[in-house]
Every structure is written in structure tokens, then in C-alpha cells.
Amino acid sequence: MHESDRAAVAAVSAGDSQAFRTLVDRHSRYVRRVAFRMVGNAADADDVVQETFLKAYRQLERFEARADFRTWIHRIAVNSAIDFIRARRHREVAHDPADLQDGPGDTAVSGAPEPERQVLSAEISDHVAAALGGLTAMERAAFMLRHMEGRSIAEICAALGLKPQAAKHSVFRAVKKMRVALEPFVHRQAEDAAQAAGR
């Protein structure tokens, strides 16, 4: 764990509630990225971030000093997002891709000059955000848990309250939709790369 995180946790445990602000300031952007990927909506992500840090503050005495604070807060963020999705399950709808433009983009792209790399990174982020926007809340959660969090089908079932077949179906539908949405972009990138190599 980062020494300053360790010091802040120790200060909060000693009664300095203001020290928690340091942890919030340091990790809020990261937590928001996690939340946004799970819920797919900027306003909902903000609610998840707030709930995440509220839970973290209440549970800080359970935090082990030798653990990594970011790993710990990540787990709370994912669980808070799952709780949020389950609570809103009756409003299962796909988001308009335009709703996702407020979300952070942090996809790294290597092998290109800096300005081009930044443009391509933003373009990839936009396409992925749009593709995620075509998923329902449950499909997005299942996809993120399976392919970003590495959770098993059994864990996804437990997290989302689904039966195994429903969990598998949600992951399958999400992957299929993502593939269809991203295929034109991937194909265009491959053609551009082939043309660049042929020069």
C-alpha cells in the first residue's frame, strides 16, 4: 500500500475524520472509472462513487493495514455497482450512447506517435463506450464481471442474483453485441494498418 494511504488510514482510525478526504481525493477518479464501466451512466456512476466511499468509511476498521487500499476500494466499488444494478433491475433498458460521453476514457494505445496515439485512444474509448451503451444494465454488469473482473459464472450468479443459464446468456448476449458494434471500427483499423505498412 502507498505510504500516504497507510498514513491516512491510520489517521482516520485514530479519530481524524478529515484524513479520509485525502483518500477520497486520491482515489475518486479511479473509483468513478470502475463505477462508470459497471453502470454505464455518468449520473449513476456518481451515486455509486458516493456509496462506495460511504461504505469504505464505515468499514475502515475492517481494512488490513498490509493490504492495498486501491484493491480494497475497487472491491467495494464493484459490489456497490452490483447493488445499484440489482436495485434498479426493473428499469432494465439500454442507454443511449450519448449518455456515455461523460464517462472517463483510459484505454491505452501504444506504437503510435504521441498526438496520434492520443487521438486513437480517445477514438477507441468512444467506440467502446458506445458499444457498452447498447447493452442492458444486466448485460453490462455480467460482461464487466466476466471479462474485466475475471469472475466465474458462479460468482456472477451470486452477485447479480441470476441462475447459471441466465448469467451465461447475459454474458453471451453482451459479447455478441459488443462484437457487432466494434467490428466496423476494428476492420477499419486493420485496413489503415495494412495501408500504412504498404507505404
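This is a short chat about a predicted model of a protein chain.

Me: How many helices and strands does the protein chain have?
Reply: Eight helices and zero strands. From the N terminus on, the order reads α-α-α-α-α-α-α-α.

Me: What share of the residues is buried?
Reply: Of 199 residues in the protein chain, 39% count as buried.

Me: And what share of the contacts comes from residues 24 or more positions apart?
Reply: They make up 68% of the contacts with a separation of 6 or more.

Me: Switching to H2. How far does it reach from first C-alpha to last?
Reply: H2 covers residues 19-39 and spans 29 Å. The expected value for its 21 residues is close, at 30 Å.

Me: Where does H2 bend?
Reply: At His-27, by about 55°.

Me: What follows H2?
Reply: Gly-40, with a positive phi near 75°.

Me: Now H3 and H4. At what angle do their axes cross?
Reply: Roughly 125°, and the axes come within 9 Å. H3 is residues 42-58 and H4 is residues 69-87.

Me: Why is H3 called oblique to H4?
Reply: Because their crossing angle is roughly 125°. Angles of 65 to 115 degrees would be roughly perpendicular, and over 145 roughly antiparallel.

Me: Is that crossing left-handed or right-handed?
Reply: The H3 and H4 crossing is right-handed.

Me: Which residues make the contact?
Reply: From H3, they include Asp-44, Val-48, Glu-51 and Phe-53. From H4, Trp-72, Ile-76, Ser-80 and Phe-84 are among them.

Me: Last one, H7. Which residues are buried there?
Reply: Ile-153, Ile-156, Cys-157, Ala-159 and Leu-160, in a helix running over residues 153-160. Gly-161 follows H7, with a positive phi near 70°.

Key
Residues are numbered from 1 along each chain as its sequence is written. This is a predicted model: local features need pLDDT of at least 70, side-chain atom pairs count only at pLDDT 80 or more; totals for chains, interfaces and linings use all residues. Side-chain values use heavy atoms; hydrogens and water are left out. Buried means under 20% relative accessible area, exposed over 50%, partly exposed in between (1.4 Å probe, protein chains only). Helices (H or I, at least four residues) and strands (E, at least two) are DSSP runs, numbered from the N terminus. The expected span of a helix is 1.5 Å times one less than its number of residues. The bend at a residue is the angle between axes fitted to the seven residues ending there and the seven starting there. Axes are lines fitted to C-alpha atoms, for helices over the stretch in contact, and angles run from 0 to 180 degrees between N-to-C directions. Angles under 35 degrees count as roughly parallel, over 145 as roughly antiparallel, 65 to 115 as roughly perpendicular and the rest as oblique. A crossing is left-handed if the near helix is turned anticlockwise from the far one by less than a right angle, and right-handed if clockwise. Contact means heavy atoms within 4.5 Å.
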